Amino acid sequence: MNLKLKIWRQQDAKSAGKMVDYNISDVSPDMSFLEMLDVLNESLIEKGEEPVEFDHDCREGICGSCSLQINGEPHGPDRGVTTCQLHMRRFKDGDTIYIEPFRAKAFPVIKDLIVDRSAFDRIQQAGGYISVNTSGHTVDANAIPIEKHDADRAFDAATCIGCGACVAACKNASAMLFTSAKVSQFALLPQGQVEATDRVLNMVKQMDLEGFGNCTNTGACEVECPKGISLENIARMNREYLRASLSPAD
Ligand code: SF4
Ligand code: FES
C-alpha cells in the first residue's frame, strides 16, 4: 500500500506545532500501525531528518503507553484495541491518514506525538491504593469471601490501562472514566473500604486540580476506551463522592 501521512510535528511544549506531509510506500497490510511508523522513521533517519517521536512500550495492548489520535479517533478506527494493536489492513491503498497527539490541556505535548500524562499518576497517587500492613501479618486476599458479581466488576474496572483515550475522546477533556475506574476497583471490594471516603474525595479533587473538564454525558469515552471501561463506573464514583461528601472522614 502507498499512503499519505499528515503528522503533527512539535519541537516541545512551548513551540508551535504543525501538520507535516509524508509519503510512505510498500506498507504491508500485516504491519501494525506502530511498525508502519517505525518504517517511516527509518527512512527519515537515513535521510538525516529527525524521526517522529511517539510513545510505545509493550506493543500488545497492556501498558497504556501508545496514544495516537488517528483520523480524529483515539487509537484509530477499530474498537476495543490500542494503537499498537491496530493493523494497516484497516486502511486502503492511497489513503490519507491524519496522526495527532491526544489533545487535552492537562496532557501537554512533550514532543511530536508524545504527551505528558503524569496528571494520571498524580490522580492515582491521591488515593488509588489501599494501606495494607505487610509486616508479616497480612491476610491472604483470597481468604476474604467476595460476591462474584462484585469481584467481576472490580476486575473489569481494574483493566483500565491509563492510556488517556477517554480524555482525548471527550469534548471537555474529562478524566472521569479513568478516575472512576480507579475508584471503582477498590470501592467494590472489602479491602477498599478503609480509605473509601478519603479516596474518592482526594482523587476527584486532584482530577479537578489537573485541569480536566467535567463529564459531558455523551459517552464518547466509553466508545473509544480500548478496554471497554463502562460508564457505570462514573455513576458509581458519583455515588461514592456524594456519600463521602455527606459523611466526611475524621
Ligand atoms: S478508562 Fe479506558 S480510555 Fe480511559 S485511561 Fe482507562 S483504558 Fe484508557
Ligand atoms: S504500547 Fe503498550 S498498550 Fe500500546
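**Ligand 1 and its shell**

I began with ligand 1 and found 13 residues around it, of which Cys160, Cys163, Gly164, Cys166 and Cys225 come nearest. I kept in mind throughout that this is a predicted model. Sorting the residues of the shell around ligand 1 by class, I counted 11 nonpolar and two polar, with no charged residue. I then asked which helices each supply at least two residues of that shell; they are α4, residues 165-169, and α5, residues 176-187. Where does ligand 1 sit? I located ligand 1 in the largest cavity.

**The chain as a whole**

I noted eight helices and seven strands in the protein chain. Along the principal axes, its C-alpha atoms fill a box of roughly 60 × 40 × 35 Å, and of the 250 residues in the chain, 45% are buried.

**The open sheet**

I traced an open sheet of five strands, in the order β2-β1-β5-β3-β4, and recorded its pairing as mixed. At the edges I found β2 and β4 (73-74), each of which has a single partner strand, so one side of each is left without a neighbour in the sheet.

I next followed β1, residues 3-9, where six of the seven residues are buried, so the strand is largely enclosed by the rest of the structure. Towards β2 (residues 18-24), I counted seven bridges from β1, with the two strands running antiparallel, and in this pair leucine 5 stands opposite tyrosine 22. Towards β5 (residues 96-101), β1 is joined by four bridges, and here the strands run parallel; isoleucine 7 is the residue that I found opposite isoleucine 99 of β5.

Turning to β3 (residues 68-70), I counted three bridges to β5, in an antiparallel arrangement. Isoleucine 70 stands opposite isoleucine 99 in β5, the residue that I had already noted opposite isoleucine 7.

**The largest nonpolar core**

I finished with the largest nonpolar core, which has 36 residues; those touching the most other members are Phe107, Phe120, Ile123, Val167, Leu177, Met207 and Phe212. Listing the elements that give two or more residues to this core, I wrote down α2 (118-125), α4, α5, α6 (196-209) and α8 (232-246). Which element gives the largest share of the core? I found that α5 does, with six residues.

Conventions: Residues numbered from 1 in each chain as written. Chains lettered and ligands numbered in written order. Predicted model: local features only at pLDDT ≥ 70, side-chain atom pairs only at ≥ 80, totals over all residues. Heavy atoms only, no water. Near = heavy atom within 4 Å. 1 Å grid on protein atoms, 1.4 Å probe; cavity = no way out; pocket = protein on both sides within 12 Å on 5 of 7 lines; lining within 4 Å. Sits in = over half its atoms within 2 Å of the grid points. Nonpolar A, V, L, I, M, F, W, Y, C, P; charged D, E, K, R; others polar. Buried < 20%, exposed > 50% of the residue type's maximum accessible area, 1.4 Å probe, protein only. Pairing = 2+ DSSP bridges. Core = buried A, V, L, I, M, F, W, Y, C linked by side-chain atoms within 4.5 Å.
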